Amino acid sequence: MTGSGGSPPVRRVLGSAPASVVRAVRLMYVRAGVGIVGLLVLLATKDSLRRQIQHRHPTLSGTRLAAATNAGVLVGLVTGSLFILIYVALAVLVRRGEQWARTVALALAGLGALVALVSLAQPKAVPTRAVTLLGAFVDVAIIWFLTRRATGEFFHPGDPDGR
């Protein structure tokens, strides 16, 4: 197995990650925790979701309204759980020094921050909005730490630009 340019892959000592990588990894675990809180808030605010659906679709029967609400909650639980698992896996891989995991983590954090900003324009229960904003702040912090010079040097040793 070879690294870029046909050279052998760089093996990093687990304790050798700079503080910026360690902080980013910790924040990725925090982000997973915020995701878990988000799932709990989703379950706790199910009635708010039902009211939003009813407001947007006043002609839905009680059975269809319940089905739409349950489908929304199920989709939220499944996608939220997947993102939590992805964040935890990426945290482990970023800590190991996998550049592709850093790239994916940056993309995921950027997407999370963007979605949070867009969601501010939509009506949401206060707890949902609070968890969304907290997640966005953590996403921005993850981006900050994963783009520091020391982080770049960790992922690209020997590159004078650390890119």
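The model is predicted, so local features need pLDDT of at least 70, side-chain atom pairs count only at pLDDT 80 or more, and totals for chains, interfaces and linings use all residues. Residues are numbered from 1 along each chain as its sequence is written, and side-chain values use heavy atoms, with hydrogens and water left out.

The fold, then. The protein chain has six helices and zero strands, where helices are DSSP runs of H or I with at least four residues, strands are E runs of at least two, and numbering starts at the N terminus. Of contacts (heavy atoms within 4.5 Å) between residues at least 6 apart in sequence, 72% join residues at least 24 apart.

Of the 163 residues, 31% are buried; buried means under 20% relative accessible area, exposed over 50%, and partly exposed in between, with a 1.4 Å probe and protein chains only.

Now the salt bridges, meaning a side-chain nitrogen of Lys or Arg within 4 Å of a carboxyl oxygen of Asp or Glu. There are two.

One pairs R31 with D139 at 3.0 Å, N to O. R31 sits in helix 1 and D139 in helix 5, 108 residues apart. R31 is buried at 18%, and D139 is buried at 1%.

The other joins E153 and R149, at 3.3 Å between the closest N and O atoms. Both lie in helix 6, four residues apart, about one turn. E153 is partly exposed at 38%, while R149 is exposed at 53%.
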